[in-house]
Amino acid sequence: MFFKGSFFYFRQIKEMIFKMNSKVMRILLMFCYFLLITSVSCKDTSNDKAKTSPESTKTNDSLQSQTSKNKVILFFGDSLTAGMGLDTEEAFPNIIQNKLDSLGFSYQVINAGLSGETTAGGKNRVGWVLNQKVDIFVLELGANDGLRGIPLSETRNNLQTIIDVVLEKNPDTQIILAGMQIPPNMGIEYTTEFKNIFPDLAAKNNLKLIPFLLENVAGILELNQNDGIHPTAEGQKILAQNTWEVLKDVL
C-alpha cells in the first residue's frame, strides 16, 4: 500500500511539473525522486533489521558467554617464561595451555614473559599487564637479579611489591611463585640467601610455591641451549611439568 501511494503521488506531481518552466521542472523532479528513493530505502532497512536482529543478538550472546566462562592464567616472567631461543609455542606456558585444553579446562594462558627482565623491571610493568581480570598469576622473576649480583634486599622487596600490586588489583587472584636458584659464583652466602627468598615470600604471603622451576633441567647439557642457561624445547617440557605439579591444585 505504501509503494502504490508513493508512486501515485509521484505521478500526480510529475504532471503538474510539466506545466512549469524547464528549470523548475528539473529541480522538482530531482526532489521527488529523492523522496521516493529515501522512503523505499528506509522501509527496506527496517525490514533487514527485523530479520537480522534476533540472529545478531544470539551470536553476541554466544560470544559473551564463551568469553565469560574463560578464566585467565598469566605467566609473568623473564626469558625462561618467554622461551628465549625457541618458538613461542615451545615455551612452557604454551605447553600448559595445551594441557589445559586437552583436559577440558576453560582457561586462557597469557605469556607475559620478557627476556632480560629483572624484578625491578617487573615491578614497573606489572600494572599494565593487569588490565584484564587474572585468576591465576604465575610469578617467575629473580634469576637475572641473581646473575647480576643485585642486592638481595632489593630483589626481595621488588617481588613483594609485585605480589602486593596483584592482590590489590584483585584479592581473589591465586599467585604461584616460581622458586629460583643460581650457580655459586656470587659466594655461598649470597647463593643461599637468594634461594631462600622464594620460600620465605611464599610463606609470608600464603602463596603456592614451585620449589625450583629448573629442577631436572639446570646443569644438564642436553636440556639447555648453547648458552647453558636457557632450556631447549625438551627442557621447557620439564619446566611445564614442574609448574603443573603445583598449578593443578589451584585450578
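1. This is a predicted model, and I begin with its largest pocket, to whose lining α6 gives the most, with 3 residues. Both α3 (79-82) and α6 (143-148) supply at least two residues each to that lining.

2. The volume of the largest pocket comes to about 370 Å³. Its lining is made up of 21 residues, of which Ala143, Leu147, Pro183, Leu214 and Ile229 are the closest to the centre. Sorted by class, the lining of the largest pocket holds 11 nonpolar and 9 polar residues, together with 1 charged residue.

3. Turning to the sheet, 5 strands are arranged in the order β2-β1-β3-β4-β5, and they form an open sheet in which the pairing is parallel. The edges are taken by β2 (107-113) and β5 (208-210), each of which has a single partner strand, so one side of each is left without a neighbour in the sheet. From one strand to the next, the twist averages 20°.

4. Within this sheet, strand β3 (residues 136-140) pairs with strand β4 (residues 174-178) in the parallel sense, over 4 bridges.

5. Two helices deserve attention for the way they lie across the strands. Helix α7 (residues 152-169) lies across β1 (71-77), β3 and β4, and runs at about 170° to β3. Helix α9 (residues 233-247) lies across β1, β3, β4 and β5, and its direction is at about 160° to β5.

6. How many aromatic pairs does a search of the whole structure find? The search returns 4 aromatic pairs, and one of them is formed by Phe76 and Phe137, a tilted pair with 5.5 Å centre to centre and 35° between the planes. Phe76 belongs to strand β1 and Phe137 to strand β3, so this pair ties together parts that are 61 residues apart in sequence.

Note on methods:
Residues are numbered from 1 along each chain as its sequence is written. This is a predicted model: local features need pLDDT of at least 70, side-chain atom pairs count only at pLDDT 80 or more; totals for chains, interfaces and linings use all residues. Side-chain values use heavy atoms; hydrogens and water are left out. On a 1 Å grid over the protein atoms alone, a cavity is a set of points where a 1.4 Å probe fits but cannot get out, and a pocket is an open set with protein on both sides within 12 Å along at least five of seven lines; lining residues have an atom within 4 Å of a point. Grid points are joined across faces, edges and corners, and a volume is the space filled by probe spheres set on the points. Ala, Val, Leu, Ile, Met, Phe, Trp, Tyr, Cys and Pro count as nonpolar, Asp, Glu, Lys and Arg as charged, and the others, Gly among them, as polar. Two strands pair if DSSP finds at least two bridges between them. Axes are lines fitted to C-alpha atoms, for helices over the stretch in contact, and angles run from 0 to 180 degrees between N-to-C directions. Contact means heavy atoms within 4.5 Å. Rings of Phe, Tyr and Trp (its six-membered ring) pair if their centres lie within 6.5 Å; planes under 30 degrees apart count as stacked, over 60 as edge-to-face and the rest as tilted.
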